[in-house]
Amino acid sequence: MDTLILGIESSCDETAAGVVKNGREVLSNVINTQIDFHKKYGGVVPEIASRKHIENIDSVIDEALENAGVTLADIDAVAVTYGPGLVGALLVGVSEAKAIAYASDKPLIPVHHIRGHISANFISHKELEPPFVCLVASGGHSHIVEVCSYTDFKVLGRTRDDAAGEAFDKIARVLGLGYPGGPLIDKLAKEGNPTAVEFPRVKMDKDSLDFSFSGVKTAVINFLHKADQKGETVNKADIAASFQNAVTDALCEHTIEGALRTGHKTVAIAGGVAANSQLRKKMTDMCAKHGISVVYPPSVLCTDNAVMIACSGYYSYREGEFAGLDLNAVPNLPLT
Ligand code: KG4
Ligand code: ZN
């Protein structure tokens, strides 16, 4: 018997809904992005995000059901992101999912946003099965996760300060490129020299796989300030490429170290930064030297979406991991 899960995602600035069959087959994927409303502020404004979610969530879910050619009666369960994220934004999705679950008498599945990002790989790679190591790098998170099973995860390393995507967004802002910064730096870096400036790669103590991106961020900002004070013009493409090179070096090296320590022969990458073209290529090339294969979702499934939530929800559904109608949003929800 097929299992259809309706996924709902509203943790940041995308209102999204999707229907997934048996955890792997996408029947619909609707994403309403609010980027244009946040752009002029240079980042996500939480109150605007919550209000936009409220305005759009009903129509996004209607569209997801319609595109999938199903009605609520056909759905087996409702999966929703309940953390981590912006509390007001999360509450919109959680309240909506609770209302749907109650009104249609379906189970409610609470999904951790990072588990969702990891699960995007199950959709793009039908043969992928745990165990493997996954780098999750987005605007809010940078984690190296050992995916022991579909529902059992171990954090091998995490950022001690900024998330990788946050650093991309900040550097794009100081370079005057716009928001969100990741795709803009990715594009500009293609025209620059990645070894033009040697920005620092922070190494924590020997045994740690943790990241730190505030040092490279500050180094780029200081470099730009100094050039400005001396009246020098900088080659923005070189800066973008050198910054990206430093960040992707750290992401790749720590992730590979995680794979070598755990002995897993597959590395997955996930989250918005997994859309980065240099990260994908570097990870693939570096892993190949160790006989490790690399998988990543298409860009549309790297950034926030709801089919990844439905996919993760499917594996919770199989385990009977349901929530009551007292489910609340948890902005700092830990992964394990
Ligand atoms: O996963 P996501 O949509 O939202 C969070 O959960 O945070 O990730 C958004 C982040 C932003 O910081 C954005 O700049 C970054 O992902 N991003 C990229 C690229 N595309 C999106 N970073 C680097 N290169 C890209 N191509
Ligand atoms: Zn995300």
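## Lining of the largest pocket

Helix α5 gives the most to the lining of the largest pocket, with 6 residues. The model is predicted. The pocket has a volume of about 1,200 Å³. Of the 50 residues that line it, the closest to its centre are Ser138, Gly139, Gly140, Asp169 and Tyr179. The elements that give two or more residues to this lining are β3 (25–33), α4, α5, α6 and α10 (299–302).

By class, the lining of the largest pocket divides into 19 nonpolar, 20 polar and 11 charged residues.

## Ligand 1 in its pocket

Ligand 1 takes up the space of the largest pocket.

The shell around ligand 1 holds 21 residues, and Gly139, Asp169, Gly182, Asp186 and Asn276 come nearest. Gly139 and Asp169 are also among the residues closest to the centre of the largest pocket.

## Polar contacts and burial

Asp186 reaches ligand 1 through its side chain: a polar atom there lies 2.9 Å from a nitrogen atom of the ligand. A polar backbone atom of Gly272 is 3.1 Å from an oxygen atom of ligand 1. For Gly140, a polar backbone atom is 3.2 Å from an oxygen atom of the ligand.

How much of ligand 1 does the protein bury? Taken alone, the ligand exposes 560 Å², and the protein buries 90% of that.

## The second largest pocket

The second largest pocket holds about 150 Å³ of space. Its lining consists of Val174, Leu175, Ile221, Leu224, His225, Ala227, Asp228, Glu232, Val234 and Lys236. Helix α7 (residues 214–229) provides the largest share, 5 residues.

By class, this lining has 6 nonpolar, 1 polar and 3 charged residues. Among the charged residues in the lining are Asp228, Glu232 and Lys236.

Notes. Residues numbered from 1 in each chain as written. Chains lettered and ligands numbered in written order. Predicted model: local features only at pLDDT ≥ 70, side-chain atom pairs only at ≥ 80, totals over all residues. Heavy atoms only, no water. Near = heavy atom within 4 Å. Polar contact = N/O pair within 3.5 Å; in protein donor to acceptor, adjacent residues only side chain to side chain. Areas by Shrake-Rupley, 256 points an atom, 1.4 Å probe, with all protein chains shown as cover. 1 Å grid on protein atoms, 1.4 Å probe; cavity = no way out; pocket = protein on both sides within 12 Å on 5 of 7 lines; lining within 4 Å. Sits in = over half its atoms within 2 Å of the grid points. Points joined across faces, edges and corners; volume = space filled by probe spheres on them. Helix = DSSP H or I, 4+ residues; strand = E, 2+ residues; numbered from the N terminus.
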